[in-house]
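Thanks for coming, everyone. I'll keep this short. Please have a look at the screen first.

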Amino acid sequence: MQRETLHVLVVDDEEDMQWLFRQHFRKEIKANTLSFHFALSGEDALTHMRSLQRADLVLVLSDINMPGMTGLELLKRLKEEFSGVPVHIITAYGDEQNYRSALQFGADGYLTKPIDFSELKQTIVGLTT
């Protein structure tokens, strides 16, 4: 019996992040064990989350620095509306203040760019066990 496809929402205003995720997870995508959804802004991410009918969304990965709604603002909103979905913040800067704020607002994880994709795969696998 095949396992259900796990869905991950990646929120980043840099479109090339979509290519990176598709490349690093191509085997899982081809095997239909993982499916990635992408939003280019916090506002788009909220719209996408509100339209989901799936209970199998296992993770939201959000950049911290985006125009409009920041990743920290999105984190607060997601924790209010979708408290059961883990949210990991991604940043290009190892800023201690952002790290503390992310944890204070309920982040389940904090990743720095460049992303360690093998570590991220382990994180996703760990969320499903």
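**Two residues, then the whole chain**

E28 sits in helix α2, residues 26-30. Helices here are DSSP runs of H or I with at least four residues, strands are runs of E with at least two, and both are numbered from the N terminus.

Before going on, the ground rules. This is a predicted model: local features need pLDDT of at least 70, side-chain atom pairs count only at pLDDT 80 or more, and totals for chains, interfaces and linings use all residues. Residues are numbered from 1 along each chain as its sequence is written, and side-chain values use heavy atoms, with hydrogens and water left out.

Back to E28. What does E28 touch, not counting residues up to four places away in sequence? T33, L34 and K121. Contact means heavy atoms within 4.5 Å. Now take Q18. E28 and Q18 are 10 residues apart in sequence, and their C-alpha atoms are 15 Å apart in space.

Next, S35. S35 belongs to strand β2, residues 34-39. Is S35 buried or exposed? S35 is buried, because its relative accessible area is 19%. The cut-offs are under 20% for buried, over 50% for exposed, and partly exposed in between, with a 1.4 Å probe and protein chains only. With neighbours within four places in sequence left aside, S35 is in contact with T5, L6, H7 and V8.

Now the whole chain. The protein chain has six helices and five strands. From the N terminus, the order is β-α-α-β-α-β-α-β-α-β-α. Of the 129 residues, 47% count as buried. Take contacts between residues at least 6 apart in sequence: 71% of them join residues at least 24 apart.

On dimensions, the C-alpha trace spans about 45 × 30 × 25 Å along its principal axes. The radius of gyration is 14 Å, which agrees with a compact globule of 129 residues, where a value near 14 Å would be found. That radius is taken over C-alpha atoms, and the globule rule is 2.2 Å times the number of residues to the power 0.38.

Last, confidence. The protein chain averages a pLDDT of 89, and 93% of the residues score at least 70. pLDDT is the predictor's confidence in each residue, from 0 to 100. In the protein chain, confidence is highest in helix α4, residues 71-81, at a mean of 96. Confidence is lowest in helix α6, residues 117-127, at 86.
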